[in-house]
Structures are given as C-alpha cells and as structure tokens.
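This report concerns the pairing of charged side chains. Please look over the sequence and the structure before reading on.

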Number of protein chains: 2
Amino acid sequence: MKKAIELAKKGEFTTAPNPNVGCIIVNNNEIVGQGWHCQTGKEHAEIIALNMAGSKAIGSTMYVTLEPCSNFGHTPPCFNIIKKSGITKIVIATQDPNPLNSGKSISFLANSNIQVKINILANESKKINKGFFKRMETGLPFVQLKLGASIDGRTATVHGHSKWITSIQSRKDVQYYRAKSSAILSSSNTILNDNPYLTVRLEEIDKTVMLQKEIKNTFKQPIRIIIDSQNKIKNNYNCINQQGNVFLIRTKKDCHKWPANVQQIIVKATNKKIDLKNLFLLLGTYQINNIWVEAGPTLSGLLIEKKIIDELIIYISPKILGHTSKPLFIIEKTLKLPPNFIKLSFTDVRKIGPDIRITIKPIYL
Amino acid sequence: MKKAIELAKKGEFTTAPNPNVGCIIVNNNEIVGQGWHCQTGKEHAEIIALNMAGSKAIGSTMYVTLEPCSNFGHTPPCFNIIKKSGITKIVIATQDPNPLNSGKSISFLANSNIQVKINILANESKKINKGFFKRMETGLPFVQLKLGASIDGRTATVHGHSKWITSIQSRKDVQYYRAKSSAILSSSNTILNDNPYLTVRLEEIDKTVMLQKEIKNTFKQPIRIIIDSQNKIKNNYNCINQQGNVFLIRTKKDCHKWPANVQQIIVKATNKKIDLKNLFLLLGTYQINNIWVEAGPTLSGLLIEKKIIDELIIYISPKILGHTSKPLFIIEKTLKLPPNFIKLSFTDVRKIGPDIRITIKPIYL
C-alpha cells in the first residue's frame with residue numbers, strides 16, 4: 001500500500017478535481033501491474049494496473065489507495081472491470097468520501113466473492129487528498145493561507161514594499177504549493193498594489209518532478225480567483241492576461257468586454273461585504289479541491305475570523321521591519337483577549353534557504 | 001579534545017566570570033587524568049587532571065580546551081605546574097583571548113621543551129565560552145535577547161496580557177538560558193508591568209544536570225540588572241527580595257535604604273536617556289560575561305538599533321493576537337526601509353513543546 005500511495009502522489013499536480021489514486025497488483029509476491037491516475041478523463045489507476053497485469057491478474061491481490069469508483073463519469077465504473085479481472089482479493093486504503101458512492105464498490109466487490117480489506121494506511125491516503133476529502137465531506141475546498149513575514153511578524157514596510165521580503169528559495173517553494181492547488185485566491189487590493197501574475201512558473205519547480213512528460217503535457221494553470229467586491233480590476237492587470245481561467249468575485253457584473261478566460265461570478269453581499277463562507281461553498285460547487293490564498297492582512301484576518309483557513313503556511317524571513325510596518329493579520333473582533341477562539345498547532349517547521357517555513361493547523365473552537 | 005570540551009561544559013552554570021575549561025591527560029593511549037574547572041577560586045582543570053594522573057603524568061600528553069593561565073589570580077599560574085609535571089606534549093584548543101596573557105603560556109611551555117600544538121577544535125572551545133571571549137576581546141558582554149511572541153509577532157495583547165503567551169516548556173527552556181548567564185537584564189517598565197522574579201528556578205531545569213552536587217552547591221543566582229533611569233523601582237518588587245545581587249541602573253542615586261544585595265549604579269545620560277553602549281561596557285568591567293535580556297518592545301528595539309544584541313532567541317507560540325496587540329520591536333529610526341542595516345540569520349530552529357524556538361544571529365553592517 002505504501003508503494004501504491006507513492007504512485008498516487010505522481011498525480012498531485014494534475015488529477016484535480018479527481019483524487020490522487022495509486023494501484024498495485026501482486027501475484028505470488030510479484031508485482032504484475034501498477035498504475036496511477038493522471039488526469040480527469042484519463043484511465044483510472046486500477047484500469048492501468050489491470051491492463052498491465054493482463055492474465056496475471058487472475059488470482060492476484062489488488063492494493064488501491066481509494067475505494068474504486070462505482071459511477072459512470074468520464075470513464076466507465078471500475079468495480080465491474082475489477083470484478084471481471086479475476087483478482088481474488090482487494091485491499092483498499094480508505095472508502096470513497098463521496099456520500100453518493102461511499103461503500104458501494106466495497107459491498108459490490110464483497111458480494112462478488114472477492115475478499116475485501118479496508119482501512120489500510122487510510123490516513124496516508126487521506127493526507128494526499130486533503131482537498132478532495134474536505135470537499136466531498138463538507139462541500140468546502142481545503143484552504144491554505146500563505147504569508148511571508150519578518151521575524152517581527154510584518155508583511156511589508158510602512159511604504160508598502162513587500163515583494164522581496166522572503167528569499168528566492170521561499171518563492172520557489174511557493175510555486176510548488178501553487179502547482180498543487182486547483183485555484184489561487186487573492187484580493188483586488190493585492191492585485192492593485194503588487195500586480196502579481198498568480199501563475200505557476202513550472203520552470204522554477206524541481207525539474208525531476210515537473211519535466212516528467214505526463215505532468216508537463218497535462219498541467220493546467222490553477223484558476224485565479226480575485227475577490228473584487230468593488231469591481232476595481234480591469235483587464236490590463238498581469239493576472240488577467242495569462243493562461244488559465246480567472247474568476248472575478250463580485251457583487252454585480254460590469255459591462256467590460258473581458259477575454260474568454262475571465263468569468264465574473266456574482267455572490268451575495270451584506271453591507272457591501274462579500275459573505276466569505278458562502279463564497280467558499282460556491283467555489284466547492286466548481287469542483288475546486290484546494291485553494292491557495294495569497295492575500296494582505298485584511299483578507300487574511302477575515303479568513304481566520306470566519307474559520308475558513310485549514311492550514312497556514314508562513315515564510316519567516318530573517319529581517320526586522322519594526323512596529324510601523326504592515327501587520328500579518330488585521331483582526332477586528334474577538335481575538336484580542338486570550339483564550340483565543342482558535343487553537344493553532346505547529347505541524348511542520350523547516351529552513352527554506354535563509355528563511356524558515358512554518359506550517360500551522362488551526363482548530364476552530 | 002572533544003572529550004575535554006564535553007568536560008569543560010560541566011562548568012557552564014558555575015565558572016563565570018572564569019571560562020569553561022576541560023582537560024584530559026593521556027599516557028600510552030590511556031586516560032590517566034581528567035578535570036574541569038568548576039568555579040572561580042577553585043582548582044583549574046589542568047591541576048585537577050594532573051593531581052589525578054600523579055606520576056603517570058610523566059611522558060604523557062595533555063589536552064586542554066584553553067591556553068593554561070600564566071598569571072597569579074585566585075590560584076597560582078598553571079604553566080609552572082604543567083612544566084614540572086613531566087608531560088612531554090600539550091595540545092591546546094585555542095589561545096587565551098585575554099590580551100594580557102594570550103600566547104604567554106604557549107611560548108613558556110614551548111621554551112620548556114614541551115611539544116605544543118594549538119588550534120585543535122578552536123571554534124568548539126570558543127563556542128562554549130562566547131561571553132568570556134567577547135568580553136576579553138571587546139570589553140563587552142555577550143548579550144542574548146529573549147522574546148516571546150505569537151505567530152503574528154505580538155508580545156502582549158492590547159490589554160498588556162503577556163505572561164502566558166508561551167508554554168510551560170518554553171518557560172522551562174528559558175530557565176536553562178538564565179542559569180547559564182552571569183546576569184539577567186530588564187527594564188523598569190517590565191518590572192512595573194509584570195513584577196517578575198528574574199531568578200533561576202533550579203528545580204525547573206533538567207534534573208540530571210542541575211542535581212549534580214558540584215553545581216547545586218556552587219550555583220549563584222545571576223545578577224539582576226534593571227534599567228531604571230527614572231528611579232521607579234522600589235524595594236517591594238519581587239526581583240529585589242531574592243537571593244543574588246541587583247544592579248539598579250540609574251542616572252542619579254535615590255536615598256532609600258536598600259537591602260545589602262541592591263546596588264545603584266550611576267551612568268551617563270543624554271537627554272535623560274541612558275547611553276546603552278556605555279552601560280554595557282561598564283557591565284563588562286564588572287566581569288559579566290553573558291547577559292540574558294528579557295524586556296519589552298521599546299528596550300528590545302533600542303538594543304537592536306544600538307547593535308548591542310549578539311543573539312536573539314524568540315519563542316513563537318501558536319497563537320494569533322492581531323494588529324492591535326503589542327509589537328515585538330519598537331524601532332524609531334533607520335530600519336523602516338530595506339535594505340536593513342542589520343543582516344540576520346537563523347542559526348537554529350526547533351520545537352519546544354507546542355512552541356517553536358528560533359535562534360537568530362545579527363550581523364551589524
């Protein structure tokens with residue numbers, strides 16, 4: 001199963017909105033077939049592995065990192081093909097979290113005289129599909145908030161200089177996270193201040209990974225989502241004129257002629273402010289599994305207050321900017337007095353070039 | 001020499017103002033003597049090792065982590081005793097940094113037909129005596145600044161609550177640093193706000209280390225140094241009525257009747273502000289090797305601006321306090337625009353209980 005999970009990871013840049021799945025077929029202690037899912041519409045991991053195994057599938061054991069599909073999507077359901085393949089045992093890391101399918105294939109296969117074993121390295125399989133699992137279970141995407149700060153928790157100087165607070169190594173590391181996300185979300189303020197591209201620069205990501213033919217050919221730029229409640233974004237900004245789709249999140253449409261990749265998405269507002277929880281539920285309906293947020297202190301603070309962030313990733317640069325510089329979070333309400341209404345825990349800390357990257361999991365109380 | 005350095009470290013809580021020194025005597029590949037310096041006035045490492053070796057010192061090699069002393073202090077100079085001991089070779093990690101003595105013993109021993117080898121693990125020996133080396137070379141103590149902060153770089157809530165931002169594990173870790181310091185420095189503001197004891201709670205330090213008989217019997221509370229330019233401190237504060245000396249740093253004496261452990265030290269002031277660089281030079285003349293600073297954002301900012309800090313130790317707690325909370329550094333002048341006039345680098349990062357401790361070395365440009 002460990003090997004199957006390693007295989008599944010190969011799809012981390014390309015399978016969305018589908019999950020990463022890996023599959024190994026073992027006959028007489030010999031691997032006779034293996035496969036991983038690469039992209040929506042392409043063959044599922046189980047089918048690739050069965051095709052490779054051919055007649056050696058008969059009497060073998062299949063290890064697969066997620067319950068095989070039981071529905072007709074882009075491809076026919078796997079469970080029928082597995083049943084017919086002649087395998088006699090299937091080991092499944094974890095059930096499909098989709099409430100419509102969960103457990104269906106498992107019962108079907110068990111009723112087809114195939115020995116079924118489940119919950120083997122279930123957490124590891126969930127870990128590589130955090131976004132898929134969260135969306136299936138809650139309708140919401142898995143949301144990561146990226147911040148870059150000085151050691152005194154400042155994101156920009158008093159004059160707004162922020163672009164180069166963190167190192168080139170950290171900026172490369174960010175490319176890797178962006179590439180794994182279905183969407184990159186920011187605010188119109190950030191676009192107006194920094195005019196970022198918000199794209200993945202593939203050439204900056206570890207070559208051994210990204211130059212694999214399958215990934216290079218199938219990689220799509222994440223959707224760029226800009227919260228723009230006051231219709232400030234025009235089509236001359238860098239983030240508009242790039243490959244990949246752009247969602248402008250607004251409370252009413254404007255009548256500009258936008259390029260074909262740009263879509264205005266209209267959401268509810270209360271007191272001219274966009275209802276963030278509703279927005280993220282809406283983004284879930286667009287089959288967005290993972291959202292990578294790069295925003296300023298106001299939106300970052302709001303997303304924390306609204307309990308939308310699943311993971312914080314902070315790059316700390318060895319600089320001091322002082323008390324007049326821009327803060328990491330603007331938080332209006334209830335955080336001021338301990339005890340906090342969120343409990344945070346550090347899940348990872350490591351050096352990235354001259355910087356430190358800390359990963360933080362919030363638990364909302 | 002590695003073993004000699006390990007021995008030397010045993011004195012880290014007790015030798016100040018003397019350096020940590022370890023010594024091993026080897027005869028025919030057998031350790032015949034070893035020793036470490038424990039406290040001013042007690043025998044030096046070399047003498048303990050020679051006493052243990054007895055006649056086996058004849059024809060042996062001595063490994064010692066610092067150039068043996070050549071002056072009459074509390075004890076007679078070691079170099080004469082070494083010469084008479086019959087050892088034929090001496091390996092010295094590094095020269096004595098004291099300009100009055102540096103190289104003296106080395107020439108004396110070399111002229112006494114003892115083979116002398118120097119600069120073996122010199123950096124390791126300097127590392128365990130940072131304060132001693134810095135004071136000998138510059139007249140200034142080695143100064144560590146301790147800070148506790150939330151992930152957004154805040155030291156206290158808007159209401160001034162700061163005491164429990166970091167965890168019990170971090171506070172224990174602080175005890176260890178305090179214990180290794182000759183002095184703990186703070187400001188009258190911190191005393192007035194938090195009324196801390198600023199003592200070492202020996203029982204909180206790793207028992208295997210602190211319960212060693214030598215340490216328990218010889219340990220002295222670090223001097224508590226309070227910068228109190230406006231004579232705000234009275235004798236009812238916790239830091240006054242504890243074991244160990246207190247220095248009140250003032251611009252003029254008051255006429256209170258202070259307990260015997262309290263000393264008012266008068267320093268120059270410009271525009272009613274104490275000249276910090278001069279203060280630290282003065283503290284050097286009191287034979288203070290290491291100062292551990294625990295202060296608020298104003299003094300912390302000033303010490304950075306004045307280039308006095310040699311090492312920053314920040315405990316980051318997994319909390320968010322928001323933009324209205326107290327900052328880590330109040331910095332008035334020149335730090336606002338990049339490039340910074342100080343270059344910082346992370347020298348260590350690790351988890352301490354639920355917190356992260358980062359160690360930062362500033363290089364002043």
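Predicted model: local features only at pLDDT ≥ 70, side-chain atom pairs only at ≥ 80, totals over all residues.

Residues are numbered from 1 along each chain as its sequence is written, chains are lettered from A in the order in which they are written, and side-chain values use heavy atoms, with hydrogens and water left out.

Over all chains, a search of the whole structure finds 21 salt bridges, the term standing for a side-chain nitrogen of Lys or Arg within 4 Å of a carboxyl oxygen of Asp or Glu.

| Glu294(A) | Arg178(A) | 2.8 Å |

Glu294(A) pairs with Arg178(A) in a salt bridge. Because Glu294(A) belongs to strand S14 (residues 290-294) of chain A and Arg178(A) to helix H7 (residues 168-180) of chain A, this pair ties together parts that are 116 residues apart in sequence; helices (H or I, at least four residues) and strands (E, at least two) are DSSP runs, numbered from the N terminus.

Glu294(A) is buried, at a relative accessible area of 12%, and Arg178(A) is likewise buried, at 7% relative accessibility; buried means under 20% relative accessible area, exposed over 50%, and partly exposed in between (1.4 Å probe, protein chains only). Asp254(B) and Arg250(B) are both buried. In the remaining tabulated pair, Asp348(B) is partly exposed at 23% relative accessibility, and Arg350(B) is partly exposed at 41%.

In chain A, a network of salt bridges links Asp173(A), Asp348(A), Arg350(A) and Arg357(A).
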